[in-house]
Amino acid sequence: MLIIPIVGKLSKRNPPFVTILLILINCVVFFAFQGDDDVRYAKAMQYYQESGLLKIEVASYVRYIEAKKPAEALIRVEGESEDGLMGRYFEKMWADDAFRLKLKQEKIITPQDSNYAEWKALRLKYDTLLNDMFLYQYGTIPSNPQILTAFTSMFLHGGFMHLLGNMVFLWLIGCILELSCGRIFYVILYLATGLCADAAYIYAYPESIEPCIGASGAIAGLMGALTVLFGLRKIKVFYSLGFYFNYGQTYAIILLPLWIANEALQLWFGPSSNVAYMAHIGGLASGAVIGLIKSKILGGVDTALLDEDPKTRIPVLMEKVLQKKAELDMPGARQLLEEILKIDPQHKVALIHLFNIDKINPDPERFTKSSARLLTLLIREGAPVEESLKIYQEYARAIPAPRFNPDLLFQLCLFFSHAGYPEEASSIIDYCLPKFPDHPRLTTALLHIAKTTLQKGLHEKGRHYLQLICDHYPQAKEYPVAVNLLNNRDQA
């Protein structure tokens with residue numbers, strides 16, 4: 001069973017630096033330091049088998065079982081070879097932590113045994129090969145725990161897929177915890193739950209001589225904290241039962257018993273697995289406790305990060321718009337478009353659809369508003385001038401006397417003038433002159449249109465706009481330029 005929470009809205013202004021750093025540390029440790037561990041382990045195991053050490057230790061285990069635990073002695077099945085029986089004894093021995101620890105402590109093969117010297121030499125070489133592995137140097141060994149490895153083990157992984165899975169969970173859960181709880185608490189939470197996960201594993205398997213990889217325990221701790229901190233808030237989750245998967249919503253707190261039950265089932269029904277399920281349970285439980293302390297004593301969290309981003313609804317709404325238009329239900333389509341624009345006022349596609357709907361049977365006020373919104377966006381985005389020009393021309397055909405506010409009119413005038421379309425710019429300025437004679441952008445627009453019309457060979461019109469500046473706006477900053485241009489034209 002797999003349940004992954006899908007929560008949180010990231011912000012460019014406040015990125016999850018700590019989560020990114022933790023992911024980088026985990027990846028660097030794995031690729032830079034653990035990269036050769038598989039090769040070294042294979043070399044150690046090859047030596048273990050080929051040197052004869054395996055046969056010596058399995059033989060000692062058979063004697064140990066027959067003497068100490070005769071009820072657990074294996075019976076050869078019909079047709080089974082000696083090697084087959086020894087193979088089953090090897091698997092049983094490998095899972096027997098108590099025996100392997102006693103063996104390592106020289107309590108099984110002792111200095112008094114005749115094969116001690118041979119075994120000791122072979123064992124020393126085998127241990128040296130194992131200790132070359134980064135995992136054995138910095139993983140927590142329950143039978144010999146160290147303070148340093150308690151911290152280093154929470155950045156170790158058993159393989160690439162283990163790393164990938166953990167980093168996915170760390171990103172999904174870590175981001176929301178970092179941004180909602182604060183970075184200092186988040187770092188403390190990661191380290192504390194990692195230590196608790198290690199402690200739980202050591203408590204459960206005190207005689208184990210195999211290193212514990214603690215990264216999963218720390219990440220399980222984050223999961224435990226999330227379930228308590230967000231408690232009765234519903235969160236979106238992806239879940240899989242192996243053959244079936246889907247999305248759903250559930251209360252965050254419900255995930256805690258589900259995750260713990262899943263780990264417990266894996267522990268009970270998969271005892272031979274290398275996965276440290278007891279560490280996962282320790283991490284989950286400690287994370288839940290720390291989360292409870294945070295919520296009850298240290299203050300709550302910013303739960304707004306769990307709120308769904310309204311923009312995720314836009315694609316669904318847009319599909320409904322197209323369906324309404326196909327059914328010729330323009331009022332229904334328009335209502336949906338307004339809903340989209342409430343979520344994202346700058347949604348270009350929605351503005352174009354709204355413009356085209358209002359163009360069919362234009363109500364002057366409504367069509368003016370939708371046209372103005374679209375033109376403002378096109379100019380702001382630096383869209384091709386032909387696109388804005390087409391929209392304006394379609395609007396002007398329907399409503400010859402434009403009802404735009406003066407700021408947009410002068411903005412369009414300058415835009416078309418700069419782009420080399422003096423006729424459209426002239427029609428707008430001619431409309432604005434009697435209506436807005438004192439607008440601060442009027443003289444700027446007049447000068448730009450004058451220059452454009454002169455460049456296009458429309459000398460009479462250009463002189464007309466320059467003369468307007470000279471006759472009516474002697475205080476304007478454009479006045480000296482207009483006088484100079486007129487004088488140059490007269491001399492020419």
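**Helix packing and burial in a predicted model**

The axes of helix H3 (residues 53–68) and helix H4 (residues 82–94) come within 10 Å and cross at roughly 80 degrees. H3 is therefore roughly perpendicular to H4. Axes here are lines fitted to C-alpha atoms, for helices over the stretch in contact, and angles run from 0 to 180 degrees between N-to-C directions. Angles of 65 to 115 degrees count as roughly perpendicular, under 35 as roughly parallel, over 145 as roughly antiparallel, and the rest as oblique. Helices (H or I, at least four residues) and strands (E, at least two) are DSSP runs, numbered from the N terminus.

The structure is a predicted model: local features need pLDDT of at least 70, side-chain atom pairs count only at pLDDT 80 or more, and totals for chains, interfaces and linings use all residues. Residues are numbered from 1 along each chain as its sequence is written, and side-chain values use heavy atoms, with hydrogens and water left out.

From H3, Leu54, Glu57, Val58, Tyr61, Val62 and Ile65 meet Met86, Tyr89, Phe90, Lys92 and Met93 of H4. Contact means heavy atoms within 4.5 Å. This contact of H3 with H4 has 9 nonpolar, no polar and 2 charged residues. Ala, Val, Leu, Ile, Met, Phe, Trp, Tyr, Cys and Pro count as nonpolar; Asp, Glu, Lys and Arg count as charged; the others, Gly among them, count as polar.

Helix H2 (residues 37–50) and helix H6 (residues 116–131) have axes that come within 8 Å and cross at roughly 165 degrees. H2 is therefore roughly antiparallel to H6. Tyr41, Lys43, Ala44, Met45, Tyr47 and Tyr48 in H2 meet Leu122, Lys125, Tyr126, Leu129 and Leu130 in H6. The residues of this contact divide into 9 nonpolar, no polar and 2 charged.

Thr19 lies in helix H1 (residues 17–33). Thr19 counts as buried because its relative accessibility is 0%. Buried means under 20% relative accessible area, exposed over 50%, and partly exposed in between (1.4 Å probe, protein chains only). Residues up to four places away in sequence aside, Thr19 touches Leu170, Trp171, Gly174, Cys175, Glu178 and Tyr186.

The protein chain as a whole has 23 helices and 3 strands. Of its 492 residues, 46% are buried. Among contacts between residues at least 6 apart in sequence, 69% join residues at least 24 apart.
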